[in-house]
Amino acid sequence: MYRRIHEAIIQSPPIDDFDVFKESKEQNFFESQESIVALCTHLQELVTAIKDLDENQLKDEFFRLLQISLWGNKCDLSLSGGETSSQKINIINSLEELKPLILVNDMEHLWSLLNNCKKTREKASITRVDIVLDNSGFELVTDLVLADFLLSSQLATEIHFYGKTIPWFVSDTTIHDFNWLIEQVKSSNHKWMSRCGVDWENYIKMGKWVYHDHIFWTLPHEFCVMSQVAPDLYAELQKAHLILFKGDLNYRKLTGDRKWEFTIPFHQALNGFHPAPLCSIRTLKAEIQVGLQPGQAEQYMASEPNWLTSGKYGIFQFDGPL
């Protein structure tokens with residue numbers, strides 16, 4: 001359906017670059033201003049003090065920003081039928097009460113991997129983290145804040161982002177959304193928010209942040225065929241030290257959208273898709289989940305019939321050498 005809409009539009013100049021979802025995505029950003037200001041302020045205070053943080057404090061901040069990026073994934077216009085799904089409360093203050101809702105928590109693996117890269121990195125070498133984006137608006141802000149922290153903490157030296165080539169699943173990020181949001185943050189009247197936008201624009205100019213798009217992300221293939229269907233994209237992902245896959249659709253494509261048993265290992269469900277160490281960061285909005293403990297799924301099914309689709313629960317699910 002999305003491709004047919006796009007085909008109709010590109011054959012109709014002067015609206016060939018028209019995004020039918022643009023207004024909804026921008027509304028999500030503007031309605032989340034209070035939360036965005038709080039997040040940008042937190043980031044700038046953190047960056048100012050980052051050299052004084054010991055390893056445990058740095059780890060705590062890394063975990064905090066990972067969780068903010070996870071819960072930012074709740075803001076999905078494809079689930080709300082285009083109705084508002086903005087972030088109106090300060091998510092930083094809610095993290096402790098949300099922590100029990102993380103069903104698979106592999107944040108320790110992510111810290112170990114990146115901290116080890118940092119400690120063993122030669123002076124001129126790089127540590128690259130790739131982020132396969134999901135929604136624009138508030139979620140994209142949480143992803144950019146995390147990316148900024150990764151550079152500022154030297155857990156990474158380069159961040160590569162992947163978006164969609166065409167408007168997709170209502171709020172999915174395109175290059176226009178990516179550039180528009182950074183420009184909006186930069187032109188904010190709030191000094192810390194504006195400072196974030198200036199920094200993010202500079203990262204792009206310096207080549208520390210790189211944006212990619214590829215038609216594969218909007219094709220119907222599961223990711224295990226990427227190496228055959230889009231070998232150029234697979235080769236690009238292989239350059240990463242860690243790949244973060246945001247959101248539900250990416251999880252469905254990672255696992256082939258099959259009706260796996262809940263306890264099947266994530267590595268097995270990936271069906272040979274292992275370009276680099278990777279982690280799915282998603283709130284659950286589709287009837288698929290693997291890698292759970294025996295009895296865990298049954299416990300939730302008994303008390304909450306819609307636990308798989310409500311967006312209430314989240315995961316950090318890692319695959320790679322430990």
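A cavity is a set of points, on a 1 Å grid over the protein atoms alone, where a 1.4 Å probe fits but cannot get out; lining residues have an atom within 4 Å of a point. Grid points are joined across faces, edges and corners, and a volume is the space filled by probe spheres set on the points.

This is a predicted model: local features need pLDDT of at least 70, side-chain atom pairs count only at pLDDT 80 or more, and totals for chains, interfaces and linings use all residues. Residues are numbered from 1 along each chain as its sequence is written, and side-chain values use heavy atoms, with hydrogens and water left out.

**View 1. The second largest cavity has a volume of about 50 Å³.** Its lining consists of Lys22, Lys25, Glu26, Phe29, Ser136, Gly137, Asp177, Trp180 and Leu181. Two elements give two or more residues each: helix H2 (22-31) and helix H8 (175-186). Helices (H or I, at least four residues) are DSSP runs, numbered from the N terminus. H2 gives the most, with 4 residues. By class, the lining of this cavity has 3 nonpolar, 2 polar and 4 charged residues. Here Ala, Val, Leu, Ile, Met, Phe, Trp, Tyr, Cys and Pro count as nonpolar, Asp, Glu, Lys and Arg as charged, and the others, Gly among them, as polar.

**View 2. The largest cavity has a volume of about 60 Å³.** A search of the whole structure finds 2 cavities of 30 Å³ or more. Tyr2, Ile5, His6, Ile9, Phe18, Asp19, Val20, Phe21 and Pro167 form the lining of the largest cavity. The classes are 7 nonpolar, 1 polar and 1 charged.

**View 3. The second largest pocket holds about 220 Å³ of space.** A pocket is an open set of grid points with protein on both sides within 12 Å along at least five of seven lines. This pocket is lined by 15 residues, and Asp17, Asp19, Pro167, Thr174 and His176 lie nearest its centre. Helix H1 (2-10) and H8 each supply at least two lining residues. The lining divides into 5 nonpolar, 4 polar and 6 charged residues. Asp19 and Pro167 also line the largest cavity.

**View 4. The largest pocket holds about 340 Å³ of space.** Its lining has 15 residues; nearest the centre lie Lys51, Leu151, Ser152, Ser153 and Gln154. By class there are 7 nonpolar, 4 polar and 4 charged residues.

**View 5. Helix H7 covers residues 138-152.** Its 15 residues reach 21 Å from first C-alpha to last, close to the 21 Å expected at 1.5 Å a residue. That expected span is 1.5 Å times one less than the number of residues. Of the 15 residues of H7, 14 are buried, so the helix is largely enclosed by the rest of the structure. Buried means under 20% relative accessible area (1.4 Å probe, protein chains only). Gln154 follows H7 and has a positive phi, near 65°.

**View 6. Helix H4 covers residues 55-72.** The 18 residues of H4 reach 26 Å from first C-alpha to last, close to the 26 Å expected. Because 13 of the 18 are buried, H4 is largely enclosed by the rest of the structure. Asp54 caps the N-terminal end: a side-chain oxygen lies 3.1 Å from the backbone nitrogen of Asn56.

**View 7. The count comes to 0 disulfides.** A disulfide is a pair of cysteine sulfur atoms within 2.5 Å. The sulfur of Cys40 is 3.8 Å from its closest cysteine sulfur, in Cys196, too far for a bond. Cys40 is buried, at 0% relative accessible area. The sulfur of Cys224 is 19 Å from its closest cysteine sulfur, in Cys279, also too far for a bond. Cys224 is buried, at 16%.

Conventions:
Buried means under 20% relative accessible area, exposed over 50%, partly exposed in between (1.4 Å probe, protein chains only). A polar contact is a pair of N or O atoms within 3.5 Å; within protein, one must be able to donate a hydrogen and the other to accept it, and residues adjacent in sequence count only if both atoms are side-chain atoms.
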